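Q: Please take a close look at one part of this structure. I would like to know how it is built and what surrounds it.

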Amino acid sequence: MGASLPPKEANLFKTIVKSYETKQYKKGLKAADAILKRFPDHGETLSMKGLTLNCMDRKAEAYELVRQGLKNDLKSHVCWHVYGLLYRSDREYREAIKCYRNALRIDPENIEILRDLSLLQAQMRDLAGFVETRQQLLTLKPNHRMNWIGFSVAQHLNSNAAKAVEILEAYEGTLEDDYPPDNERCEHGEMLLYKISLLEECGFLERALEELCKKEPKIVDKLAYKEQEVSLLMKLGQLEEGAKIYKALLTMNPDNYRYCEGLQKCVGLYSENGCYLSDETDRLDSLYKSLQGQYTRSSAVKRIPLDFLQGDKFREAAVNYIKPLLTKGVPSLFSDLSPLYDHPGKADILEQIALELEHSVRTTGRYPGRTEKEPPSTLMWALFFLALHYDRRGQYDLAISKIDEAIEHTPTVIDLYSVKSRILKHAGDLVAAASLADEARCMDLADRYINSECVKRMLQADQVVLAEKTAVLFTKDGDQHNNLHDMQCMWYELASGESYFRQGDLGRALKKFLAVEKHYADITEDQFDFHSYCLRKMTLRAYVEMLKFQDRLHSHPYFHKAAAGAIRCYLKLYDSPVKSPTEEDDDASKTPAQKKKMKKQRKAERAKKEAEERNEESTSSGVSKSGKRHVKPVDPDPHGEKLLQVEDPLLEASKYLKLLQKNSPHSSETHLLSFEVNIRTQKILLAFQAVKHLLMLDAENPDSHRCLIRFFHKVDSMSAPVTDAEKLVWSVLEAERPFISQLKEKSLIEANRIFLDKHADSLMHRAAVAEMLYSLEPNKKEEAVSLIEDSTNKVLPIDGALGPVQEWKLKDCIAVHKLLENVLIEHDAALRWKGRCAEYFPYSTYFGGSRSSTMHNTGNNQTNPNAANGGSDHPEINETANSLVSNGNLVAFKKLTI
C-alpha cells in the first residue's frame, strides 16, 4: 500500500488512510493533493482521494477518480478494494463482491478484504461463500476469537449446526481452565448459550442439558439459563422438573403468559384449541386459584381462567376480574376482554355483568352485595365499557347513548371522546368521527398518541391537508413530509396513500405506497452493520434471530398493504390512463401551435422553480468540519406526477406482485391481484394459477367464484388457438377443467346458479352471482338486479342483547351500491338500495342516514368550513358533509374552571 512511492510520499499516503479512518476528510484531501502534485498518475492515491470525496457527498468526482486510479494500476489490490468500498456505499453489493474478489486474486491473504467480503456475503445470503471466507480468515488468524465465532455462525446459517458445534468445542479447547476473565464473562456466557441452542437444534437434547448444567457457573444470564433448561426438560419429557422451574420463573415474573402456558403443559392441562373436558377445567381452575393465592398482584393468573371457564364459574371469575378494574378506571379493560367475544355465550354474560354493575352503581352507589361506596368515576367507566361492548356488536345507537351519558357524567376524560370517535367511524360517519378525534386532541395538546389517532381519523375522512397540519405538530421544524418519511411513519403513509387513492389522485397515492416499500428496503440495508457488531459483542442468538426476521421481513402486514395499494394504483392507471388537469384544458381549448407554446412555457416554469429550490438549498446548507456538506434533500416529484408517466403500468405492478407471491402466498388478496394483473396481460396460465390458489384457500368466497367464472368466460370467448404456444395453453386448460369441482360437467351458467343455491342467504354471494349473471347473459340485467334487491337483512339471534344486531355490514352494502351504480349501471336500483341502506345505517354519510352529520348539517343549512381538507369521493362522505360536528357536550366542558 503506497509501496511504489518515495518515503516522504509513502508517509503522506499513510496519512490519507488514517484521515479516512478518523473521518478527517479535508486533511486526507490535502495529503492526496500533495502526492498527486509529484505523481499525478499514482493509482492508489487517486483511488483514496476518490474514496475521501465519496464521504463528502461528491460521488461523481469520486467514481471518476477511482476508475482513473484503477486504470493506472490494475494490479493494485488497494484500487480494487477502494472500488468495492465505493460500490458498497451505494448498496451495489454484487458489484462490490466482484471488486473484492479481484483484489483477493492479487492479495489472497489480505485480512481486511476478506473481512469486508464476508460481511457482503452474509448480507446477500451467499452462505456457501460466507463459509469459505470465514474459514480463510480463521486459517490466517486462528488466535482471534471473532474468527472462530464467525466460522461457527457461518456453518449454522448454512444449515450445518453439527459442524458449528464442533467449531465452538474446538475453540473452547484453546481456552484455559480459568477463562473467562471478569470483563468477558457476559460474552463467553452468550457463546455457551448459543452452543447449547445449537445442540438443541441438532436434536442432542441430553447432551445439551448436561452441557448446560456443567457450564452454569460461567453463564451470567440466569433468566435465559432457566428458560433454556426448562425448554430442554420439556422436550425430554421430564415434566415434573419442568413444572418446578416454571414455578420458579413465575416467582420472577408472575405476569408472563408463556410461563403459565408452560406450567399447564407440564401438568398435562394444555390444549391448542382451548377446549377442555369438565374434569380438566376443574383441575385448571384449582391450579390457577392456587397461583392467585401465591401471586395476588398478578393480572395474568386472574385473566387466563376466563378463557377456559364456562357458565356460572366464568361469570363469577369475570365479576371478580372486572370489578377492581372498573373501580381503578382501566381504559384497556375492554381490549383485554375482547378475545372472549369469539367464545360462544361469553359476550352475553359480560353484557349482563356490565349492566348489573352499572345499574347497581347508578342506583345505590356500590357494587351488588357490598357495603362500601364506589367512587363516582366507577359509573363512568361502566358506561365506557358498555359503549365499547355495543360498538363491538354493531349496536351503534346503544353505544352512542352510553358514551354520551359517560361524557355528560365526566366531560373532561379524553378517552370518552376518542371512543365516541371510534364508534362513529364504525357507524359510517367519518366526518363526525374526525371532529370528535380533534376535540379529544385539543383537550391534551401534548399527547402524541391522541394526536396520531386524530390524524388517522382525518385521513379516513379524506381531510388530507388538515391531517398533515395536525401531524406536523409532533415533528421537527421544517418540511413535515420529509420528517414523517425520515421517521418511517408507515401507518401515516399508508392511510394517506389510501385516502389519495379514494380521491383518484394516483400520483400522490403511489408516492406514499412506494415510500413504505423504500422503508422496508432501508430496514433490509440496516442489518449490514450488525454482521460485524454481533460477532464482536457475541450476541449470537439475537443475531441469528435477526437474520431470520430479515428473511421474512416482507411478509409484514404493512408491506403487504403498501404493495397491494401500489398494484391497485397501477391497475387503475392501466384501465384509465390519466392526464394532468392542465393538459386536459389544453386539449379542449387550444390549437396545436398554442399547445406546443404552452408546453414550452410550463417546462421553462418548472426549470425555473427547480433552480430556485436548488439555490435556496445551497444557501441554507452547511458544511461540517470534516468537509461533508449537510444538504436538505429536495423532493423532485412532490406530487408523484413522474410516477404516473410509466410506459407499462402492468410491468411495474408485476414487480410488487412477485414480492407478494413470495412473501404472502397464503393471502387471498395476493392471488386476487395476481389474477387482475395477469388477465390484463393475457398471461392465461398465470391467471389460471391465481384462480387455483383462490379455490384452494377458500372456494366458497365470493371473490373466488367471481374470478373462476370471469376466467373461463374469457377463455370461452377467445378465438381458436393458432400457434403452438396457444395450443399448448389450450390443452393445459382442457386437461385441468374437469378437476375443478365447481365446473365438473357443468356450464358456467349452471355453476353460477348452483353457487347461488348454496349461499342464498348471503348478500355478498348474491351480489357476486348477480354480477356474473350479467356478465354471462347481459340480457338478464333485471334478473341480476332483483337478485340483489331480494336479499334480506336478517337479525342475528343474540341472547341478552337489548337491540337487534343486523347481519349486513356497512362496507358490504357500499360495495353492492357501487356494483349497481357502476357495473350493472342501474341508477334507479342504486337509489332504491341507497334509501334502503339509509334505514339500516342511520349514521352513514354515504347513504345519507337520518342521524348522520350530513343530514344534521343540511338541516341546519350549514356549510363545510374545511372543504379543502376533505374529499367528496370518499365512500363515507357526502358532498354536503360538514367536517366539524359539535359533540353537544363540549359547551359544558368549556365552562369548567380548573
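What follows is a close look at one helix, with other parts of the chain set beside it.

Which helices do the buried residues of H42 pack against, and how many of the residues of H42 are buried?

A: A word on the source comes before the detail. This is a predicted model.

The setting comes next. The protein chain has 898 residues, and 47% of them count as buried. Its secondary structure comes to 47 helices and four strands. Take the contacts between residues at least 6 apart in sequence: 60% of them join residues at least 24 apart.

Now the helix itself. H42 covers residues 763–776. Its 14 residues should span 20 Å at 1.5 Å a residue, and its end C-alpha atoms are 20 Å apart, so the two values agree. Of those 14 residues, 11 are buried, so H42 is largely enclosed by the rest of the structure. The cut-off behind that count is under 20% relative accessible area.

The buried set can be read by residue. Leu763, Leu773 and Leu776 are among the buried residues of H42. So are Ala767, Ala768 and Ala770, along with Val769 and Met772. His765, Arg766 and Glu771 complete the buried list. By the residue classes used here, Arg and Glu count as charged. The buried part of H42 thus includes charged side chains, Arg766 and Glu771.

Next, the partners. The buried residues of H42 pack against H39, H41 (748–758), H43 (781–789), H44 (810–823) and H45 (827–840).

Cys707 has 3% relative accessibility, so it counts as buried. Leaving out residues up to four places away in sequence, Cys707 touches Leu672, Phe675, Val691 and Leu694.

H24 runs over residues 414–427 and has 14 residues. From its first C-alpha to its last, H24 reaches 20 Å, close to the 20 Å expected at 1.5 Å a residue. H24 is mostly covered, with 10 of its 14 residues buried. Among them are Ile414, Leu416, Val419, Ile423, Leu424 and Ala427. Tyr417, Ser418, Lys420 and Ser421 are buried in H24 as well. Just after H24 comes Gly428, with a positive phi of about 110°.

H1 covers residues 7–21. At 1.5 Å a residue its 15 residues should span 21 Å, and its end C-alpha atoms are 21 Å apart, which agrees. The buried residues of H1 are Glu9, Ala10, Phe13, Ile16, Val17 and Ser19. What covers them includes H2 (25–38) and H3 (43–55). After H1 comes Lys23, whose phi is positive, near 65°.

H5 spans residues 77–89, and His77 lies in it. At 19% relative accessibility, His77 counts as buried, because buried means under 20%. Beyond residues up to four places away in sequence, His77 touches Ala103, Ile106, Asp107, Asn110 and Ile113.

Two helix pairs show packing geometry. Two packed helices are described by the angle between their axes and the distance between the axes.

The pair H11 (residues 185–202) and H12 (residues 205–214) packs at about 165°, with axes 8 Å apart. H11 and H12 are therefore roughly antiparallel. H11 passes H12 in a left-handed crossing. From H11, the contact uses Leu193, Lys195, Ile196, Leu199 and Glu200. From H12, it uses Leu205, Arg207, Ala208, Glu211 and Leu212. These contact residues divide into six nonpolar, no polar and four charged.

The other pair is H14 (residues 239–252) with H15 (residues 257–266). Their axes come within 9 Å and cross at roughly 155°. H14 and H15 are therefore roughly antiparallel to each other. Their crossing is left-handed. H14 contributes Leu239, Gly242, Ala243, Tyr246, Lys247, Leu249 and Leu250 to the contact. H15 contributes Arg258, Tyr259, Cys260, Gly262, Leu263, Lys265 and Cys266. The contact of H14 with H15 divides into nine nonpolar, two polar and three charged residues.

Key:
Residues are numbered from 1 along each chain as its sequence is written. This is a predicted model: local features need pLDDT of at least 70, side-chain atom pairs count only at pLDDT 80 or more; totals for chains, interfaces and linings use all residues. Side-chain values use heavy atoms; hydrogens and water are left out. Axes are lines fitted to C-alpha atoms, for helices over the stretch in contact, and angles run from 0 to 180 degrees between N-to-C directions. Helices (H or I, at least four residues) and strands (E, at least two) are DSSP runs, numbered from the N terminus. Angles under 35 degrees count as roughly parallel, over 145 as roughly antiparallel, 65 to 115 as roughly perpendicular and the rest as oblique. A crossing is left-handed if the near helix is turned anticlockwise from the far one by less than a right angle, and right-handed if clockwise. Contact means heavy atoms within 4.5 Å. Buried means under 20% relative accessible area, exposed over 50%, partly exposed in between (1.4 Å probe, protein chains only). The expected span of a helix is 1.5 Å times one less than its number of residues.
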